[in-house]
Amino acid sequence: MTTFDRPTRQAPAGPGNARSLGEAELAELASELQKLPKAELHRHLPGSYRLQTLLELAREYRLDLPTYDLEGLRQYAQVQPGTPANLGHILRTVSTFLRQFFVTREAIARFAFEMVEDAWRDGIVYLESRFSPWVLSVAHGHSFDDVLMGAAQGVAAAQRLYPVQTGMLLGVTREAGLAVASQLADYALDVAGTLGVVGVDLAGDEEMYPPRQFAGVFERIRADGRLGITIHAGEAAGPDSVRAAVETLGAQRIGHGVRVIEDAETTEFVRARGIVLETCPTSNVATGAVGSFAAHPLKPLLARGVAATINTDDPGWFDISLTGEYLVSLTRLGLTFDELRQAAIHAAAGAFLPDPVRAALVARIGNAYAAAAPRITALLSGG
Ligand SMILES: [Zn+2]
């Protein structure tokens, strides 16, 4: 099995870049990318945290941790270089370890507040975050309302300080079974349009629980029409899973979707329907969905006209930022700045926002990238 290697700053030249960049140039490029307004569509709230916060919550709630040393905590709370590149392994270790911290509504609010604060510092102007009310409720006996209210409270507090637009997606967990999926769908429809809820997501073990099992549940959400639908697919399973997510569940967006590239017909199907792919470069390598950064399909997907985007998935687990993923896309995935601009615009255009608000976001991002293009392309070509 391959293992995960964190992208280094000393990145080799990608196929789209004429030369290798030195450390100072990379730092300058990162600073330019950080300043650009960015939209992120795929970020899990329980995968977004600061290590320091975990320690403080452990002290506050007297949680039993294997270590109370900040650096020591990394091996439990973050995917480490050398970890098997396997989604199941990461879910069983990092994700399970982290659930213990979502102890109270206040703790959930703190995670949400810091997620938005960190996003703002990263230059994100629109953030859609997601979580499964079920996962966080079974871990601590919270109600779905407790979890959503906590998250909404934290987001609202951050928005009083930072002008980040946000949306919340409620996750249906495949492993919880159909009865819970159905309860979650009812709940999502009850709260649709309130507390920032703009859509639903289907997450979990894609191989064991293929999309069509949930057709009935998603049919109600489709028929209602108020919530956007995104489905994790084409990550652990292949192109058929993506097609089924679109055809049987009504997905407008696909979480990851990187494996569509294995089949030209499915890639064309996704392009023709305008389905947005939420790719997550570091996550995709860490989970083994793609073999390496060089093999990541973001560049060929964009070249084929697919609305592919760049996201972090779980910035806490992987110790990354969206700016860092943009940098990796340029230096390791071989994107040109024009391709990066396209991905950034696809993200804005894929937001689950009312049409005029979304159009304003697309225009804002398009203008900022056009203005930055001469500077950044010069940096990339050594000018
Ligand atoms: Zn995800």
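Two strands pair if DSSP finds at least two bridges between them. I wrote that down before anything else, along with how elements are named: helices (H or I, at least four residues) and strands (E, at least two) are DSSP runs, numbered from the N terminus.

**Ground rules**

I am looking at a predicted model, where local features need pLDDT of at least 70 and side-chain atom pairs count only at pLDDT 80 or more, while totals for chains, interfaces and linings use all residues. Residues are numbered from 1 along each chain as its sequence is written.

**Entry 1: the sheet**

I started with strand 1 (residues 38-44), which pairs with strand 2 in the parallel sense over five bridges. Here Lys38 stands opposite Ile124 of strand 2. Strand 2 also pairs with strand 3 (residues 165-173), again in the parallel sense, over six bridges. In that pairing I found Tyr126 opposite Gln165.

A residue is buried if 20 or more other C-beta atoms lie within 10 Å of its own, exposed if 12 or fewer, and partly exposed in between, with C-beta atoms placed from the backbone.

Further along, strand 4 (residues 197-203) and strand 5 (residues 228-233) pair in the parallel sense over four bridges. Gly199 stands opposite Gly228 there.

**Entry 2: strand 7 and Leu277**

Strand 6 and strand 7 pair in the parallel sense over three bridges, and Ile254 has Leu277 as its bridge partner in strand 7. In a regular strand the side chains alternate between the two faces of the sheet. In strand 7 (residues 276-279), I saw Val276 and Glu278 point one way and Leu277 and Thr279 the other way, and all are buried.

Which residues does Leu277 touch, leaving out those up to four places away in sequence? I listed Ile254, Gly257, Val270, Leu301, Val306, Ala307, Ala308 and Thr309. Two residues are in contact if their C-beta atoms, placed from the backbone, lie within 7 Å.

**Entry 3: the core**

A nonpolar core is a set of buried Ala, Val, Leu, Ile, Met, Phe, Trp, Tyr and Cys residues joined through C-beta atoms within 7 Å. The largest one here has 114 residues, and Leu277 is among the members that touch the most others, along with Ala39, Ala112, Ala151, Ala188, Ala245 and Ala348. Helix 5 (residues 105-121) gives this core its largest share, eight residues.

**Entry 4: two helices**

Helix 2 (residues 51-60) packs with helix 3 (residues 70-77) at an angle of about 100°, and their axes are 10 Å apart. That makes the two helices roughly perpendicular, a label for angles of 65 to 115 degrees (under 35 is roughly parallel, over 145 roughly antiparallel, the rest oblique). Helix 2 makes the contact with Leu51, Gln52, Leu54 and Leu55, and helix 3 with Leu70, Leu73, Arg74 and Ala77. By class, I noted six nonpolar, one polar and one charged residues. Here Ala, Val, Leu, Ile, Met, Phe, Trp, Tyr, Cys and Pro count as nonpolar, Asp, Glu, Lys and Arg as charged, and the others, Gly among them, as polar.

**Entry 5: single residues**

Asp313 is not a glycine, yet it has a positive phi of about 70°. Asp313 sits in the loop between strand 8 (307-310) and helix 14 (315-318), and counts as buried with 27 C-beta neighbours inside 10 Å. Asp319, also not a glycine, has a positive phi of about 60°. I found Asp319 in the loop between helix 14 and helix 15 (322-331), where it counts as partly exposed with 16 C-beta neighbours inside 10 Å.

Where is Gly123? Gly123 is in the loop between helix 5 and strand 2, and is partly exposed, with 17 other C-beta atoms within 10 Å. The C-alpha atoms of Gly123 and Gln34 are separated by 5.4 Å, though these residues are 89 residues apart along the chain. Beyond its neighbours within four places in sequence, Gly123 is in contact with residues including Gln34, Lys38 and Thr323.

Notes: Axes are lines fitted to C-alpha atoms, for helices over the stretch in contact, and angles run from 0 to 180 degrees between N-to-C directions.
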